[in-house]
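I opened a new structure today and kept notes as I went. Here is what I looked up, entry by entry.

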Amino acid sequence: MSKSNMMNTYGRFDVIFEKGKGARLFDSKGKEYIDFVSGVAVNCLGHANDKIVKTIKTQAEKLMHISNYYWNQNALDLAEKLCENTDHQKVFFCNSGTESIETALKLSRKYGRTFGTESKNEIIYMDNSFHGRTMGSLSVTGQPKYQENFRPLIGNVKSTKFNDMEDIKGKINDNTCAVIVEPIQGEGGIVCAHKEYLQLLRDLCDKYNALLIFDEVQCGVGRSGKLFAYQKFGVVPDVICMAKALGGGFPIGAVLAKEKAASAFVPGDHGNTFGGNPMGTAIGLCILNELIDGKVIDSVDEKGEYIKSKLVKLQEKYSCIKEIRGMGLLIGMQLNVSTKTVISKCFEKGLLLITAGPDVVRILPPLNVKNKDIDDAFEIIEEVFKEI
Ligand SMILES: *Cc1c(COP(=O)(O)O)cnc(C)c1O
């Protein structure tokens, strides 16, 4: 055991995982768990998916990395696939969610200067949002607990109340270069934006020539029941940030943008070493093929409804469930008992769940989860509710 060599940044469960298959995980003692965390919305096709494993093996034998001084076909194919299935035309590849946000923030600042004036550099973000842990994304994360110890943050950013139609009208103006929002707040407690609110943001961004950025790092890539949540709300953003499920477990992120938004960047403005490497993009392409052409996304809503119907039944029996929220397979149950107790009891019985905010338990199965996995998980959840 050399746990003492790790920086003390995470509160972890006392377990070492060794392998997995589908929605099941096995620890170093051989105990089986149902995984309804999916690496925090990452393992969209479950663990050790045959197609992903094959893609990795084949690609590793050919080419893993070449740098962005050269082209590779996998990146071109993945970019094309993303554009074919959205209302957007341009892609930038990176390696994580926070990097995709940093890219969008830099793009916004450059957009403001290119199409406006030097002072068009203000970015508006939402209360209770989460966009990542690096200095830029942290600066637009509307939760004091993440920001407090790391000030000073980047300047010329300001927050507005999420889903508040009046507050934003008083905040946005000609100096605004972007508004950033999660269509479904994840870490903030699984809270969906109102369709009318997103439409208002769209109209205001058009009026003031600011970029509307959707952070779909958690709700994107199939989890909402469509490839991207914006397609559910029917409001098209200028920029979409994604990561998590795009690599199914391999680190890859991307920013998808409208032609005009993307045109603000010219060579030298932005870049990274690993982004768009042949390995990551091969895996991303494999995943989109499965989700879209393999029709995994088509049953996400149905499975989400199946889970919600089970939650509603539990809610009728146990008064500890206050509210059931979410979309597709991004589901939250707000409790009036300790989420920590519920989650640790589920863990002991072999079900993995995590929190979202102080009083919400988050349910994030793989998108290809089987009904049997759901049934087994709910047996455990019900046992736990009986005990408390
Ligand atoms: C996880 C997450 C991020 C940050 O992604 P990392 O890959 O951890 O940097 C950003 N935005 C949202 C909505 C997320 O859920």
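Predicted model: local features only at pLDDT ≥ 70, side-chain atom pairs only at ≥ 80, totals over all residues.

**Entry: the second largest pocket.** Then I turned to the second largest pocket, which holds about 990 Å³ of space. I found 32 residues lining the pocket, and N68, W71, V91, F92 and F93 sit closest to its centre. I listed the elements that give two or more residues to this lining: helix 3 (73-84), strand 4 (90-94), helix 4 (97-115), strand 12 (253-257) and helix 10 (259-262). By class, the lining of the second largest pocket has 18 nonpolar, 11 polar and three charged residues.

**Entry: the cavity.** How many cavities of 30 Å³ or more does the whole structure have? The search gave one. I read the volume of the largest cavity as about 40 Å³. Its lining is made of H65, I66, S67, N68, N72, T273, F274, G275, G276, N277 and P278. I sorted this lining too: three residues are nonpolar, eight are polar and none is charged.

Entry: Most residues other than glycine have a negative phi, and most peptide bonds are trans. S67, one of the cavity-lining residues, has a positive phi of about 85° although it is not a glycine. I placed S67 in the loop between helix 2 (50-62) and helix 3. S67 counts as partly exposed because its relative accessible area is 22%. V221 also has a positive phi, about 55°, and is not a glycine. I found V221 in the loop between strand 10 and helix 9. Is V221 buried or exposed? V221 is buried, because its relative accessible area is 2%. I then checked for a cis bond. The peptide bond from R151 to P152 is cis, with omega near 5°. P152 lies in the loop between helix 6 (144-147) and strand 6.

**Entry: aromatic pairs.** I counted seven aromatic pairs. I looked at Y33 and F347, a tilted pair at 5.3 Å centre to centre with 35° between the planes. This pair links distant parts of the chain: Y33 is in strand 3 (residues 32-35), F347 is in helix 13 (residues 339-348), and they are 314 residues apart. Y33 and F347 are both buried. I moved on to Y111 and F115, a tilted pair at 4.8 Å centre to centre with 45° between the planes. Both lie in helix 4, four residues apart, about one turn of the helix. An α-helix has 3.6 residues a turn, so residues three or four places apart point the same way. I compared their accessibility. Y111 is buried, because its relative accessible area is 4%. F115 counts as partly exposed, because its relative accessibility is 34%. I also noted one aromatic cluster formed by F13, F17, Y33 and F347.

Entry: Helix 8 (residues 195-207) has 13 residues and reaches 18 Å from first C-alpha to last, close to the expected 18 Å. I listed its buried residues as Y197, L198, L200, L201, R202, L204 and C205. What do these buried residues pack against? I found strand 5 (122-126), strand 6 (157-160), helix 7 (165-171), strand 7 (176-181), strand 10 (211-215) and helix 9 (229-233). After helix 8 comes N209, with a positive phi near 50°. Helix 14 (residues 371-387) has 17 residues and reaches 25 Å, close to the expected 24 Å. Its buried residues are D373, I374, D376, A377, F378, I380, I381, E382, V384 and F385.

**Entry: I331.** I331 counts as buried because its relative accessibility is 0%. Leaving out residues up to four places away in sequence, I331 touches I190, G304, I307, K308, L311, R325, G326, V361, R362 and I363. I also checked K303: I331 and K303 are 28 residues apart in sequence and 11 Å apart in space, C-alpha to C-alpha.

How values were computed. Residues numbered from 1 in each chain as written. Heavy atoms only, no water. Buried < 20%, exposed > 50% of the residue type's maximum accessible area, 1.4 Å probe, protein only. Contact = heavy atoms within 4.5 Å. Expected span 1.5 Å × (residues − 1). 1 Å grid on protein atoms, 1.4 Å probe; cavity = no way out; pocket = protein on both sides within 12 Å on 5 of 7 lines; lining within 4 Å. Points joined across faces, edges and corners; volume = space filled by probe spheres on them. Nonpolar A, V, L, I, M, F, W, Y, C, P; charged D, E, K, R; others polar. Phe/Tyr/Trp six-rings, centres within 6.5 Å; stacked < 30°, edge-to-face > 60°.
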